[in-house]
Amino acid sequence: IMDNVFKYFNGFFKGLTGLIMTVLGLGVAVEILFGGGALFGISVIENVMGVVNGLGNAGFGGLIALLVLFSLLTAK
């Protein structure tokens, strides 16, 4: 039973991650085409750069967090 629960949540979070990455890509494309704040008044590129800069300024902990995020996004 627990194996089915873990498979269900694994599939759910993979789908959610895929949806978030799709919306993020759409936000970047819309902002490039129509300018900043074109998608619901949010500057997607600025927010992504803020996250990247925050991880870059966190030193070794930021590097570990970046590696964890990368492994989560590339896991199949």
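This section describes the helical architecture, side-chain pairing and aromatic contacts of a predicted model.

The protein chain comprises three helices and zero strands. Read along the sequence, these elements follow the pattern α-α-α. Of the 76 residues in the chain, 8% count as buried.

The packing of helix α1 against helix α2 was examined next. Helix α1 spans residues 2-34 and helix α2 spans residues 44-56; their axes come within 8 Å and cross at roughly 125°. On the α1 side, the contact involves L24, G27, V28, E31 and I32, which meet V44, I45 and V48 of α2. By class, six of the residues in this contact are nonpolar, one is polar and one is charged.

G27 and F40 are separated by 13 residues in sequence, and their C-alpha atoms lie 9.4 Å apart in space.

Charged side chains were then inspected for pairing. In general, side chains of opposite charge can pair when their charged atoms come close. The structure holds one salt bridge. With regard to solvent, K7 counts as exposed at 54% relative accessibility, whereas D3, with a relative accessible area of 47%, is partly exposed.

Aromatic side chains provide a further set of contacts. A pair of aromatic rings is described by the distance of the centres and the angle of the planes. On this basis the count comes to three aromatic pairs. One of them is formed by Y8 and F9, whose rings are arranged edge-to-face, with 5.6 Å from centre to centre and 70° between the planes. Y8 has a relative accessibility of 57% and counts as exposed, while F9 is partly exposed at a relative accessible area of 40%. F9 also pairs with F13, and here the arrangement is stacked: the centres are 6.4 Å apart and the planes form an angle of 25°. Both F9 and F13 lie in helix α1, four residues apart, a spacing of about one turn of the helix. F13 has a relative accessible area of 45% and is thus partly exposed. Together, Y8, F9, F12 and F13 form one aromatic cluster.

Methods: Residues are numbered from 1 along each chain as its sequence is written. This is a predicted model: local features need pLDDT of at least 70, side-chain atom pairs count only at pLDDT 80 or more; totals for chains, interfaces and linings use all residues. Side-chain values use heavy atoms; hydrogens and water are left out. Axes are lines fitted to C-alpha atoms, for helices over the stretch in contact, and angles run from 0 to 180 degrees between N-to-C directions. Helices (H or I, at least four residues) and strands (E, at least two) are DSSP runs, numbered from the N terminus. Contact means heavy atoms within 4.5 Å. Ala, Val, Leu, Ile, Met, Phe, Trp, Tyr, Cys and Pro count as nonpolar, Asp, Glu, Lys and Arg as charged, and the others, Gly among them, as polar. A salt bridge is a side-chain nitrogen of Lys or Arg within 4 Å of a carboxyl oxygen of Asp or Glu. Buried means under 20% relative accessible area, exposed over 50%, partly exposed in between (1.4 Å probe, protein chains only). Rings of Phe, Tyr and Trp (its six-membered ring) pair if their centres lie within 6.5 Å; planes under 30 degrees apart count as stacked, over 60 as edge-to-face and the rest as tilted.
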